[in-house]
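Biologist: I would like to learn how to read a model one feature at a time. Please take me through it.

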Amino acid sequence: MNKKLRIIKSLNIEEAEVAPVLLLIIQSIFIGVFYGAFDIGAHTLFLKAYPESMIAKAYIISGVVGILLTGTFSKLQAKIPFSTLAKYTLLFVAILTMVMRMAFEFTGANWTIMVVFILLGPLNILAVLAFWGTVGRIFSLRQGKRLFGIIDAGQIFGIIISSFLIPLIIAYLNGTNNLLIISAVSIFIAMILEAVIVKRYKIDSDTEKADETEDKNEEAVKLLKFIKNPYILYMALFVIFSMFAAFFVQFSFLVVTNENYPAEQDLAKFLGYFNTVMMVFTLIIKTFVYSKLLKTYGLRVSLLLSSLLLALFTAVAVVSGFAGGFDIESTGFVYFFLFISLSKLFNKALKDSLEVPSFKILYQSLNKKIRYDIQAKIDGTVNEISALVSGVLLSILGFLAFVELIHYSVVLFVILVGWAYITFRLYKEYKGSLEEALSKEETSKHNNDISSSITLNELNNTIIRNYLPEYYPAILNNYFTNASPEKVKSFELVLEAFIINEFDKISEPWKRRLNEIDINENSTFLVNEISYAFTEQDLKKSAEAIRYIRKQSHNNQRALLAGMLRMPEVYTKRMSLKLCGYLNHIEMISTLAEFIDSDELMGETYIALQRLSGSGFRQLMQVYYRTDISELSQLIIIDILSNVNNEQDVIQFLFSCLSDHRYTIKNKAIDSLLKLNFRINTDNVHKMFPFIKDMAHLLAWDLATYFELDKEHESSKLISAFSNDLNNHKEWLFNLLRITYETNSVNHVYNYIKENSSESIGYGLELFDLFLSEEIKPFILLLFEEMSTDDKLIQLQEHFSLPDYSNKSVLEALINKDPNIISKTTKLLAMQSYAEQSNEVSDDIISQLFNSDEEIRDMAANVILKIDDILLYKVMERLDIRSKVRLKQRLESNNFRELFSHVFQLKEKIAETLDSVEVYESFNCSVYNYKNNYLNSIANDYFVFLKLDHFNKIHEIDNISLNYTTKSEIANTSEYTEQDGYVVGISKKNMNKLAICNKEYVQLLISKAL
């Protein structure tokens, strides 16, 4: 079993693909046997019954018959289900082949041989159309890149079998014409396999769905309309010139071979052995070269290689023929024969192993509505028209007296040059086709605007100011323009309106209301008097104080505002911060920055710094580099600077932040650069490669870790949490790519990969392949390529150093991972899983007891308590006094052991509450029992938005710190009972950080909490 799995993986076949691939390979083997026996029998009989001049005439008739048959196939495809058409097409081919063999029993006329030779190409085309039409409907674009070569190898193997056994078959069946019996039986078996395949895999699903809304006849593409679509036109021209080349090579090969082997049985044996060698060569290229060539050099080289190599051998054959002779009596005939044979060998081998499977990929980029019709017309009708025209060209050359065999090679060389040019143009149109297909896909983003439905109670709620500060002035301005002044009773809002009235235009009703305030223009104030007026909420005195500050000189204003910032009263600081922004005190930026971390003053500080950033961005950048500044403050500064446009210094500053080791800082800088519509200059794209490679390395580590988690059957919650981290890292990588390359192109790729279907991922990677630089393309494509994770990791090892989990626990790796990289939720779940699996406490867990994060410390204590409670109390002695006291209080809680079992259901509950919105993965939440005394001590520090009952159903959304002003009010309210359950909350500090890192998500939370 393990050997089978290794073989499957080595062939790059996914587990779900094994059954259909196996069936299709077996079917293709029988189709190969059919063609191999038919081909050698038809050519041998024809060459010994007719002169060489009849070859071209037979090609013309064959082309006409082929056009009729493939045209009929195309029309039937538009009218009946393909599964039915494919089965009956193969049955028709089987019956007609057997009828031709039976005709030899009733007549010995040469016209029977002519019919066999004429129908060789058309019948093979019909069989191929049925077969590849089925394959194309089962597999998608990226699957096709992996599997088409393997599936087609079956047909080659079938040709090898029949060709190698030709001498034995002829001897046993007593006659070359009996090869048709082998062909008929083989194609009949292929028909039976087709019936099994279409029954199991429902290949008509795509077209049936289209039929519900549109008439199939309307989707048929007429041949005359090909010219209107350059992509389809060059696909058709590619096939035409490929067929021209094949027929000219075949003609020259048949002529020289027939001269070299005058006896019928000798000719049949040579063709059998030659076909065997040719097909073995084809199989080797298809199996071992095709996938690597396509992956390394791309589709263009795979399509171009046939024409270039064939041109080389043709040129050598021409030189050899002119130099040494090209007829049977010439001394140099053997060399001419050798190079013509090599041309035939490489033409057929490269056509089957590279050209055909590569060309199948081109069909996948067409619109599904016309894809199969185009494929049938090009592979069928266009193919047969090419055969007809090839016959005409060969006949015309045959009528010219001066044209000899070597001149066919000269014409062939000209055809090959034209074919190479068409291939270049085709690939260019292919890229355009992909871009066009991707550009049609549009994604809609949910846009949330809380200001449109704002109410008076919501406006009084300080959540808006605290957590969405940049929206606050706009909301207020909108409210003051439309709301009735009589309804407003909040001191702070009226005073805010007064400030706006001094510097911005508001509605006339508000101007009249503010003018009613009897302000003494000559009032003077000291700092403590200003503070008293604000604290007592004396509207008249507060307005007079603001007027007094405005009248002072710039230096005096700065002194008064600085004094107000030193006062303990919150209202005083709040008004000072606002006035600093409105009065443009740039020199106070450093002082204002000290209040960024304040839960109560973050909103006003943000607004003030944002107002000052236009002319004070350099001072803000200096503040960023202060040694005492917190990470949150740095994030806010980066966020504020993202509103400063057209300043090269700001761009350089944000770009320098990409080198920060903290991913929060790095990705905030990327977001800000995107907000400023920054895209790095084409000449400097290489400067982004280290950042992109670093992020790709992180994603590779994610994949290795995720693979190990899945293999070890870790808890679904841990896998889900880590999956969120992995998806977040993908977003980071795409953001880097958005500022490196054209943003719309990257967005197209992102949208398709995010759809996560085989076809959408395929389109995305095809577009990626168009614009990614060669330095990063290999590992970027690998990260998203559809293949087994095991194989992907093996290939990623060539680019990155990945963890070896044979000697290391994946849980330990997660527990010790840099907290800048994975979310706290993932760490907590990894520690919880560790507690469930281990019987001893590792140093990794003990070290987490000294972590700066309280929740990590609590979980570490919980893990140690579960495994070895005595050890916990020993280790606690090493903690600082404050941490030790706090942990003892937690341990006294009866529900401490179960505390964290509820926190990990938070994501699901929030997703339900927010109508399945994609949840931000690291919002640092806590869960507390309603009756837990510890909740009472910290409730005022939490923005609590969900209450879960004892069934873990959402009880309501609330904000405890606003609705309940005292601890006793929280604890004693009749709303809570012993069975009510748990409060799920985010601390205000973490809400502030979320507001900067993910504003849209916080806006959703607030709109629900309001």
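Biologist: Where is the place of Leu412?

Modeller: This is a predicted model. Leu412 sits in helix H15, residues 405-439.

Biologist: Is Leu412 buried or exposed?

Modeller: Buried means under 20% relative accessible area. Leu412 has a relative accessible area of 4%, so it counts as buried.

Biologist: Which residues is Leu412 in contact with, leaving aside neighbours within four places in sequence?

Modeller: Look for heavy atoms within 4.5 Å. By that reading, Leu412 is in contact with Ala245, Phe248, Val249 and Thr314. Now take Leu310, 102 residues from Leu412 along the chain. Their C-alpha atoms are separated by 9.3 Å.

Biologist: What share of contacts in the protein chain join residues at least 24 apart, among those at least 6 apart in sequence?

Modeller: That share is 76%. As for burial, 58% of the 1010 residues in the protein chain are buried. The chain exposes about 43,400 Å², and carbon and sulfur atoms supply 54% of that area.

Biologist: How many helices and strands does the protein chain have?

Modeller: There are 48 helices and 4 strands. Take H32, residues 743-755, as a case. Its 13 residues reach 18 Å from first C-alpha to last, close to the 18 Å expected at 1.5 Å a residue.

Biologist: Which residues of H32 are buried?

Modeller: Ser745, Val746, His748, Val749, Tyr750, Asn751, Tyr752 and Ile753.

Note on methods. Residues numbered from 1 in each chain as written. Predicted model: local features only at pLDDT ≥ 70, side-chain atom pairs only at ≥ 80, totals over all residues. Heavy atoms only, no water. Helix = DSSP H or I, 4+ residues; strand = E, 2+ residues; numbered from the N terminus. Expected span 1.5 Å × (residues − 1). Buried < 20%, exposed > 50% of the residue type's maximum accessible area, 1.4 Å probe, protein only. Areas by Shrake-Rupley, 256 points an atom, 1.4 Å probe, with all protein chains shown as cover.
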